[in-house]
Amino acid sequence: MDATNEEILRQVFGDSSDGEDLELGDGSDPSNCWEPIKEIKGLWLCRDFLRPQRQSSLLSTIQNEGWFTEASHNQAMRFGDLPAWAAELSHSIRKVVLASDFVLEPIVLGNTDNVNENACSFPSDLFCREPLFDQLILNSYQPGEGICAHTDLMRFEDGIAILSLESSCVMHFSPVDGTSRAFLMDGEKDPPLAKIPVYLTPGSLIFMSGEARYLWKHEINRMPGFQNWEGEELNQKRRISITLRKLCQVE
């Protein structure tokens, strides 16, 4: 790694390459950062993944890439070898997940002790893959701009991370058409689920796997009147999102 990339990583993630100075959450126990969204199996929120100083450094690094220098440029993609800062971001996500109390250990065949199929846990095999992510997409959204309800393309594997920067927003989740509540929640058949809101502050990270990745659509409607949280309409500014995914292997 050359001196320029080392300086970029130092500014964004601190002096330690192993993430000790990432300033996650309150800086103590990484497991306290993760919050499972109880209505959606496989959806996790790390509300303070990056603190403000690290967010500013990361935004400066993105600006220096020259991707959003013109108003008409609002999206950038990379495949394969990711920029050094994105590879370090991927490493930090893995580190914080594996340091948490929510990693589902591999099950030994024939041993059903202490196994809870409905437990809220990260799948450990997913976080052992190399690389964890090999596709990056950055989007720049101006006030009023959002994204319609969708699931990510099937060309990507399970496990998708989204880092939100600059502006708070509410992301809504809704079941994929034709998916019943009984199937999703393993309960009795009920009326269709309302949209599930998830409040994203700058520096927060969401991770989708399993049902959250395949059976729920996600969207952000930033038109006037739709971005409300706890009875208050959110003040909309430019929002940057960083999405990390893994391409499916072609045999």
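Mentor: Take helix H2, whose 13 residues should span 18 Å at 1.5 Å a residue, and whose end C-alpha atoms are 18 Å apart, which agrees. The expected span here is 1.5 Å times one less than the number of residues, while helices (H or I, at least four residues) and strands (E, at least two) are DSSP runs, numbered from the N terminus. Please keep in mind that this is a predicted model, in which local features need pLDDT of at least 70 and side-chain atom pairs count only at pLDDT 80 or more, whereas totals for chains, interfaces and linings use all residues. Residues are numbered from 1 along each chain as its sequence is written, and side-chain values use heavy atoms, with hydrogens and water left out.

Turning to the sides of the helix, Arg 54, Gln 55, Ser 57, Leu 58, Thr 61 and Ile 62 of H2 are buried. These residues cover an arc of only 165 degrees around the axis, which puts them on the same side of H2; the arc is taken from the directions that lead from the helix axis to the C-beta atoms. Pro 52, Gln 53 and Asn 64, on the other side of H2, are exposed. Buried stands for under 20% relative accessible area, exposed for over 50%, and partly exposed for what is in between (1.4 Å probe, protein chains only). Just after H2 comes Gly 66, which takes a positive phi of about 80 degrees.

Contact means heavy atoms within 4.5 Å, and angles run from 0 to 180 degrees between N-to-C directions of axes fitted to C-alpha atoms, for helices over the stretch in contact.

The sheet itself is open and has seven strands in the order E1-E2-E11-E8-E15-E6-E3, with antiparallel pairing. E1 (34–36) and E3 (75–79) stand at its edges with a single partner strand each, so one side of each is left without a neighbour in the sheet. On average, and with direction ignored, neighbouring strands are turned by 15 degrees against each other. Two strands are said to pair if DSSP finds at least two bridges between them; E3 and E6 (residues 135–141) do this in the antiparallel sense over five bridges, and Ala 76 has Leu 138 in E6 as its bridge partner.

Arg 94 and Glu 130 meet in a salt bridge, at 3.3 Å from N to O. Since Arg 94 lies in H3 and Glu 130 in the loop between E5 (122–123) and E6, the pair ties together parts that are 36 residues apart in sequence. Arg 94 counts as buried at 14% relative accessibility, whereas Glu 130 is exposed, with a relative accessible area of 62%. A salt bridge is a side-chain nitrogen of Lys or Arg within 4 Å of a carboxyl oxygen of Asp or Glu, and by this rule the count comes to 10.
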